[in-house]
Amino acid sequence: MGLSFLFGIHCHQPVDNFKNVVDEVSLKSYIPFIEYAIRYEKFRFAVHYSGWLLDYIKNNFPELFKNFKLLSEKGQIEFFTGGYYEPVLSSIPKKDRIGQINKLSNYIYENFGQNPKGLWLTERVWDPSIIPDVVECGVEYLVVDDYHFISTGFHKDSLYGYYLTEQDGFSVKIFPIDQRLRYIVPFREPEEIEKYLLSISDKGATGAILFDDGEKFGVWPKTYEWVYEKGWLSRFFDKFVSHKEIDFTLYSEFASREKPLGLAYLPMTSYMEMGQWSLFPDKALVIEKLIGFVKKTEYAEFCELFVKG
């Protein structure tokens, strides 16, 4: 069996964002990406849309909403749940946390016929205390950054799959998102992405994990021209949908088929930049200089492990 490519996109706009902004993002990113996905039936992927954004699309872009249903009926798309209004789950009370997740999960079931088992963690803010609550909501797995593991001491080459974690007797599966994939998709040619995927496969990886902003495909600077007008997305699909060694796989399939890589107990954390942004301004300036200094030394490769916000 070859390498499973777990491809996911996360889409959200601030609640009650300006209509012209949400419309532009929908027209330049959400709509064309899904239209391309429909053309390539072997492209199977996960999506997380916040609840209010799904409702906005339903009311303002009904064709896109119908395409979601079509992809769901074909088994091509897997919906991830999360907080309906995209809160940081660990920052709100237990009752509200459960209510928000159930609200979005029920919306997904009522409109697309799926009971979501995966959860998108807002800003990847991880706190093990949420585990019992997400399990109560039917969640079996979620995604965080590989930084969450690396900053705890895990080796990068040990993160191509999922780990089990638990709290108070409740367990979930955690997938570490590959930072390298986040950086090269969609900004490098498919051949370079293929080279990277085959390189981790040669190391024994069973899964390549990507879950990143859907807005990268159309509304990030110059991406509409690159992804659609210059044909990156077509080249990407043409390269991978019938690849002999790399296969697009749903998270649900991988989680049920593959064994965990082990146990992981992660501390409260988010991605590295969030650790910086959370500091007082004067301390944020200091850590920026500290990181820059360390990366010029022989200890550069250990920066993510030992330098934290």
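1. In this predicted model, a polar atom of the Gln 76 side chain lies 2.9 Å from the backbone oxygen of Tyr 40. Gln 76 belongs to the loop that connects α3 and β3. With a relative accessible area of 2%, Gln 76 falls under the 20% cut-off and is therefore buried. Leaving aside residues up to four places away in sequence, Gln 76 touches Ala 37, Ile 38, Tyr 40, Glu 41, Phe 43, Arg 44, Phe 45, Leu 71 and Leu 250.

2. The largest nonpolar core holds 57 residues, and Phe 7 and Leu 197 touch the most other members. Helix α1 (residues 19-39) supplies the largest share of this core, namely eight residues. A second, separate core comprises 21 residues, among them Leu 121, Leu 159, Ala 264 and Leu 266.

3. The contacts of Phe 7 deserve a separate entry. Residues up to four places away in sequence being excluded, Phe 7 touches Phe 33, Phe 43, Phe 45, Ala 46, Val 185, Leu 210, Phe 217, Phe 236, Phe 248, Thr 249 and Tyr 251.

4. Just after α4, Gly 113 adopts a positive phi of about 70°.

5. Which residues of α4 are buried? They are Arg 97, Ile 98, Gln 100, Ile 101, Leu 104, Ser 105, Tyr 107, Ile 108, Asn 111 and Phe 112. An α-helix has 3.6 residues a turn, so residues three or four places apart point the same way. The buried residues of α4 pack against the helices α2 (51-60), α3 (62-73) and α5 (131-136), and against the strands β2 (45-49), β3 (77-79) and β4 (118-120).

6. Strand β5 (residues 141-145) is largely enclosed by the rest of the structure, because five of its five residues are buried. Tyr 141, Val 143 and Asp 145 point one way from β5, whereas Leu 142 and Val 144 point the other way.

7. β5 pairs in the parallel sense with β4, over three bridges, and also in the parallel sense with strand β7 (residues 170-177), over five bridges. Tyr 141 takes part in both pairings: Gly 118 stands opposite Tyr 141, and Lys 173 is the bridge partner of Tyr 141 in β7. From β4 the chain passes through α5 to β5, and this β-α-β crossover is right-handed.

Conventions
Residues numbered from 1 in each chain as written. Predicted model: local features only at pLDDT ≥ 70, side-chain atom pairs only at ≥ 80, totals over all residues. Heavy atoms only, no water. Buried < 20%, exposed > 50% of the residue type's maximum accessible area, 1.4 Å probe, protein only. Helix = DSSP H or I, 4+ residues; strand = E, 2+ residues; numbered from the N terminus. Contact = heavy atoms within 4.5 Å. Core = buried A, V, L, I, M, F, W, Y, C linked by side-chain atoms within 4.5 Å. Pairing = 2+ DSSP bridges. Right-handed = clockwise from strand over helix to strand, strands pointing away. Polar contact = N/O pair within 3.5 Å; in protein donor to acceptor, adjacent residues only side chain to side chain.
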